[in-house]
Amino acid sequence: MPIDPQDAAICAAEEVRPGPEGSAPTSAPIAQTSLFTFSSFQALVDGLAAEHEVPVYTRGRNPTVAAVERKLAALERGDRCQCFGSGMAAISAVLLGLLRSGDHVLFVNQTYGPTLELAEGLRRFEIEHDLELDLSPDAVRAALRPNTRLVWLESPGTMLFRVLDLAAIAELARARKILTCIDNSWATPLYQKPLGLGIDLVVHTCSKYLGGHGDLVAGAVISTADRMEELFYRSFLPLGGALGPWDAWLLGRGLRTLPVRLSRHEADALRVAEFLAAHPAVRRVLHPALSEDPALLRRQLSGTTGTFSFELERGDYETVRRVIDGLERFRIGVSWGGVESLVISPNRGTNGARLDAGGIPRGLVRLSVGLEGADLLIADLDRALATIA
Ligand SMILES: *Cc1c(COP(=O)(O)O)cnc(C)c1O
């Protein structure tokens, strides 16, 4: 899909200043420093009083990190962004910053595994949660409890890539003064802008498409200035999950090419998905572009990215293993969203009952379509699928 020209400009821009000689670099310098010193003690005292804005110590603000935060906030059309040392650091800061004991969180849609593991751990602090896999707004409303403080969304969701009606869920939560947060990592802000649909907070792992080269781990939260200031003092600064300046610089560099990378991931993934949908060894392809509700898709997503799943006709572990091991171009590993194509399955051979309970087909194989070119990848899949014919 065409990229919003404003977004393309935000991605390409680099905040650089000319030096004393009048010439400027094309990429910004890295503030590789742990602390910032001040010209007077009073200046330090003032800086500490506004640490959410002033670089004092790199566990708080750092100019290199702040530059990438401004870009991400602008892309999401939010006031402020806070970067973190990983997506999970961002997610834990949101959950720990917003929730108190006695609260309930409703997770809607298939949710990133470690997020649910964290929620499981929060039971120790008397924070309860439920997972709702019926995605209709009525089911979501019915699953709310009097003490629900937060509705956590992922759309498209992990593994099955099902799409939620974000505006409808935002509205029903807001009517009950319940906060909503979405993990927007799959779509990226280029293809989905949840704040405009009424969602309160957006989190990202920047380790996938945003960084885009499989060379860094980072996370981000975007919301209003008030909420971000609260999060800064409540959970970002004390928990210490800061992003280092070097990784922030790499993330900023990744963002500069995000529009072209996404266009290519999108087009090639759609071609691979089409090939798989027509293959006799494949039962179905789970890609948001093939969803049952094209009107919802058009309202919410201006494009699709390169990660999706397919279900093999035969779901036994041996078949799944043979297909994965038969691939040569797709590398075997966790994560997604980088230059190299990746393959993985949730089927570990011993967790069938758990997959069944979670509604995940045993024959599921997830692909992250990289930038090698669709022809090569289709030929590779064709060869691997022939091994189970
Ligand atoms: C990878 C991932 C995360 C966690 O991000 P890290 O940077 O690996 O901590 C969160 N959400 C989704 C959907 C992910 O795929």
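A cavity here is a set of points, on a 1 Å grid over the protein atoms alone, where a 1.4 Å probe fits but cannot get out, and a lining residue has an atom within 4 Å of a point. This is a predicted model, where local features need pLDDT of at least 70 and side-chain atom pairs count only at pLDDT 80 or more, while totals for chains, interfaces and linings use all residues. Residues are numbered from 1 along each chain as its sequence is written, and side-chain values use heavy atoms, with hydrogens and water left out.

**View 1. The second largest cavity, lined by residues including Phe107 and His129.** Leu95, Val105, Ala119, Leu122, Ile127 and Glu128 join that pair in the lining. The space inside comes to about 30 Å³ (a volume is what probe spheres set on the points fill, with grid points joined across faces, edges and corners). Strands S2 (104–108) and S3 (128–132) put in at least two residues each; strands are DSSP runs of E, at least two residues, and helices are runs of H or I, at least four, numbered from the N terminus.

**View 2. The largest cavity, with about 70 Å³ of space.** Around this one sit His52, Arg61, Arg80, Cys81, Gln82, Ala225, Met228, Glu229 and Phe232. H9 is the top contributor, with four.

**View 3. What the two linings are made of.** A search of the whole structure turns up two cavities of 30 Å³ or more.

Notes. On a 1 Å grid over the protein atoms alone, a cavity is a set of points where a 1.4 Å probe fits but cannot get out, and a pocket is an open set with protein on both sides within 12 Å along at least five of seven lines; lining residues have an atom within 4 Å of a point.
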